[in-house]
Amino acid sequence: MFHRSERLFLRPAWPEDWEAVFEGIADQGVVRNLGRAPWPYAPEDARAFVSRKQDPDFPSFLVVIPNANGARPIGCIGINNLNGEANLGYWLGRRWWGCGYATEAARAVCEIAYAIGHRRLVASHFVDNPASGKVLRKVGFRPTGIVRPHSSLGRGGDAPAVELVRELECEEDGPPQMRAA
């Protein structure tokens with residue numbers, strides 16, 4: 001599955017992408033905001049990540065900026081199955097923080113989620129990562145009022161995380177719109 005947004009191209013990871021993935025995620029500041037990525041992040045972890053089999057109901061994508069010099073991945077975004085719910089997760093390499101790419105990619109994945117049949121997405125962010133919460137709120141996620149410990153391999157244990165939800169519905173012939181949760 002592929003998707004083009006205004007500035008980004010979302011596509012599956014390929015084995016030859018392992019070095020770009022490793023370059024972007026082998027940063028403790030990135031990994032500590034994720035649940036399942038280990039720290040230290042090793043080249044073998046990147047090779048395993050890009051070799052994973054895709055689930056069409058829960059796709060993941062590399063976030064790519066296409067330009068005249070090629071198209072190098074800058075991060076990853078996707079939907080995974082978390083306790084029976086569609087969960088949005090993402091990361092971008094530090095160099096790309098603050099450029100609006102996470103918001104643009106998250107908006108695109110919400111459209112994809114709706115297109116493949118999901119009507120509700122959940123997400124979370126660690127309390128000490130408010131920038132991620134800001135991204136999620138910009139694309140229509142609303143806090144549930146629940147803050148609970150979430151596991152983080154990069155932190156070596158649990159840390160408090162804010163849980164959010166987004167109900168998806170589609171206006172006629174348009175992208176998914178936010179509905180009050």
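# A guided tour of the predicted model

Start with the largest nonpolar core, which has 31 residues. Select Leu10, Val63, Ile77, Leu88, Leu121 and Phe141, the residues with the most contacts inside this core. Keep in mind that the model is predicted.

Now colour the elements that give two or more residues to this core: β3, β4, β5, α4 (101–115), β6, α5 (130–138) and β8 (157–170). Which element gives the largest share? Helix α4 does, with nine residues. In soluble globular proteins, nonpolar side chains tend to be buried together.

**Leu88**

Zoom in on Leu88. Hide its neighbours within four places in sequence, and these contacts remain: Ile77, Gly78, Ala106, Val109, Val122, Ala123, Leu136 and Phe141. Two names return from the opening selection: Ile77 and Phe141 are also among the residues with the most contacts inside the core.

Next, look for a second core. This one is separate and has 16 residues, including Ala37, Val50, Leu62 and Trp91.

**Helix α1**

Select residues 18–25, which form helix α1. Which of its residues are buried? They are Trp18, Ala20, Val21, Gly24 and Ile25. Turn the view to look down the axis of α1: the buried residues fall within an arc of 165 degrees, so they line one face of the helix. Show what they pack against: α2 (28–31), α3 (43–50), β3 (60–67), β4 (70–82) and β5 (85–92).

**Salt bridges**

Stay on Glu23. Its side chain meets that of Arg72 in a salt bridge, 2.9 Å from N to O. The pair links distant parts of the chain, with Arg72 in strand β4 and Glu23 in helix α1, 49 residues apart. Are the two partners buried or exposed? Glu23 counts as exposed because its relative accessibility is 56%. Arg72, at 45%, counts as partly exposed.

How many salt bridges does a search of the whole structure find? It finds ten. Side chains of opposite charge can pair when their charged atoms come close.

Move to helix α3 and select Arg47 and Glu44. Their side chains meet in a salt bridge of 3.9 Å, N to O. Both lie in α3, three residues apart, about one turn of the helix. An α-helix has 3.6 residues a turn, so residues three or four places apart point the same way. Arg47 is partly exposed, with a relative accessible area of 36%. Glu44 is exposed, at 52%.

Now pick Glu85 and Arg120. This salt bridge spans 2.2 Å, N to O. Glu85 lies in strand β5 and Arg120 in strand β6 (residues 120–126), so the pair ties together parts that are 35 residues apart in sequence. Glu85 is partly exposed, with a relative accessible area of 32%. Arg120 is partly exposed too, at 35%.

Then select Arg32, Asp128 and Arg155. Salt bridges that share partners join these residues into one network.

**Last stop: Arg119**

Find Arg119 in the loop between α4 and β6. At 40% relative accessibility, Arg119 counts as partly exposed. What does Arg119 touch, not counting residues up to four places away in sequence? It touches Tyr114, Arg166, Glu167 and Leu168. Show the backbone oxygen of Tyr114: the side chain of Arg119 reaches this atom at 2.9 Å.

Finish by zooming out to Glu16. Arg119 and Glu16 are 103 residues apart in sequence and 33 Å apart in space, C-alpha to C-alpha.

Note on methods:
Residues are numbered from 1 along each chain as its sequence is written. This is a predicted model: local features need pLDDT of at least 70, side-chain atom pairs count only at pLDDT 80 or more; totals for chains, interfaces and linings use all residues. Side-chain values use heavy atoms; hydrogens and water are left out. Buried means under 20% relative accessible area, exposed over 50%, partly exposed in between (1.4 Å probe, protein chains only). Helices (H or I, at least four residues) and strands (E, at least two) are DSSP runs, numbered from the N terminus. The arc is that of the directions from the helix axis to the C-beta atoms. Contact means heavy atoms within 4.5 Å. A salt bridge is a side-chain nitrogen of Lys or Arg within 4 Å of a carboxyl oxygen of Asp or Glu. A nonpolar core is a set of buried Ala, Val, Leu, Ile, Met, Phe, Trp, Tyr and Cys residues joined through side-chain atoms within 4.5 Å. A polar contact is a pair of N or O atoms within 3.5 Å; within protein, one must be able to donate a hydrogen and the other to accept it, and residues adjacent in sequence count only if both atoms are side-chain atoms.
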